[in-house]
Amino acid sequence: MTKYKGLNTICTHVGEIKDTQFGGAISPIFMTSSYPFMDVDVKRYPRYFNTPNQESVAIKIAALEHAEAAMPFASGMAAISTTLLAFLQQGDHVVFQNEIYGGAFNFVVEEFDKFGIEYTFTKGVAVTDFESEIKENTKVIYIETPSNPLLSITDVVAVADLAKKHGLISMIDNTFASPVNQIPIDLGIDIVLHSATKYLGGHSDICAGAVASTNENINIIFQKAKNLGGNMSDFMCYLLERSIKTLGLRVKQHNVNALAMAEYLEDHKAIKKVYYPGLASHPNHSIAKAQMKGFGGMLSFELNDGLDAVAFQKALTMIKPSLSLAGVESTILLPAVTSHALMGAEARKEQGISDNLLRFSVGIEELEDIIADIEQAVDQITK
Ligand SMILES: *Cc1c(COP(=O)(O)O)cnc(C)c1O
């Protein structure tokens, strides 16, 4: 546990590697796959997740998530797949929240059958929706809040308590909130997963993942991870560690901008509906308020019926269409033709994802510039 208390101090300093050779101010990068094995306490090797730069970023992420330990991975999906496989045996069952990240959904439906692992997706995100799916062989409950792309909110304390009551392992994908806005371990969750490609990285230039939990759980995950080999390179660790130094500053600005944009869009005459947990109109706003320190940089909105969402995106000049999210720059995506295209129109409708729904990753630019870009694009498509 770190002696530093403040968020930005943890972001800046925890895990730093001392440059004993030259006294430089930042952590050196050690691009080495070859370490000694004789007369050493730790046998280091990249796929053992224990090189200096891997350890450095792991310590920083653990401190941010109030966890005993953490591990960096080569991608969010490497962290998610390795962690699930680490705790599941043939014959086990998992209760997944209905709205989870598309890649995680694909991993489950494409891979679990061959391992003989059973799964159920809930019908909603109320705690009763999870409770009713628990079976004799259930081992894990897996949630994601705020969710993608509808920003639905799951009651983390209620789900964590439910898992404890039934002796289950609780896992959360904390990517959208980031530890700046939500610390699931303090809310009773066992294992926290991240796509560090998103807010932890924050500059749309690295692919990374992470998991944080107890020493005991991280050791179980490590035993699987060394077999599967999803370790992150030292260079990526270095970039991630450097990115996290500004995580607190960045996410706080994302919070401010996204809340302002959500309020602005909710009042806009060309916009039908806005999904953002910080709005009083969000059905689970009070739960979000209780479990989050800020509401994050992600929101979704629907253009009015009859407006062309593709033309709208093309008309934007600063806000870029992007498959990814959570960079310092504002980006936008149309789930119906990208992340949720394979679902088909009927299934999308059922989940509430209309063809006019836009997922907006609000950046840290000045609000007046973000608004001006939206305004001129709306003008073009309503002319
Ligand atoms: C992007 C993302 C992932 C997957 O992460 P990768 O780094 O792309 O493997 C998982 N969960 C959420 C919520 C994401 O946004």
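The structure is a predicted model, in which local features need pLDDT of at least 70, side-chain atom pairs count only at pLDDT 80 or more, and totals for chains, interfaces and linings use all residues. Residues are numbered from 1 along each chain as its sequence is written, and side-chain values use heavy atoms, with hydrogens and water left out.

The ligand is surrounded by 13 residues, each with a heavy atom within 4 Å of it. The closest are G76, M77, D173, T197 and K198. By class, this shell holds five nonpolar, five polar and three charged residues (Ala, Val, Leu, Ile, Met, Phe, Trp, Tyr, Cys and Pro count as nonpolar, Asp, Glu, Lys and Arg as charged, and the others, Gly among them, as polar). Helix α3 (residues 76-87) gives the most to the shell, with three residues; helices are DSSP runs of H or I with at least four residues, numbered from the N terminus.

A polar side-chain atom of D173 lies 2.6 Å from a nitrogen atom of the ligand. A polar backbone atom of M77 is 2.8 Å from a ligand oxygen atom, and an N or O atom in the side chain of S195 is 2.9 Å from an oxygen atom of the ligand. On its own the ligand has 380 Å² of accessible area, and the protein covers 92% of this (Shrake-Rupley method, 1.4 Å probe).

Elsewhere, helix α2 (residues 52-64) meets helix α9 (residues 234-244). Contact here means heavy atoms within 4.5 Å. N53, Q54, S56, V57, K60, I61 and L64 in α2 meet D234, C237, Y238, L240, E241 and I244 in α9. These contact residues divide into seven nonpolar, three polar and three charged.

How values were computed
A polar contact is a pair of N or O atoms within 3.5 Å; within protein, one must be able to donate a hydrogen and the other to accept it, and residues adjacent in sequence count only if both atoms are side-chain atoms. Helices (H or I, at least four residues) and strands (E, at least two) are DSSP runs, numbered from the N terminus. Axes are lines fitted to C-alpha atoms, for helices over the stretch in contact, and angles run from 0 to 180 degrees between N-to-C directions.
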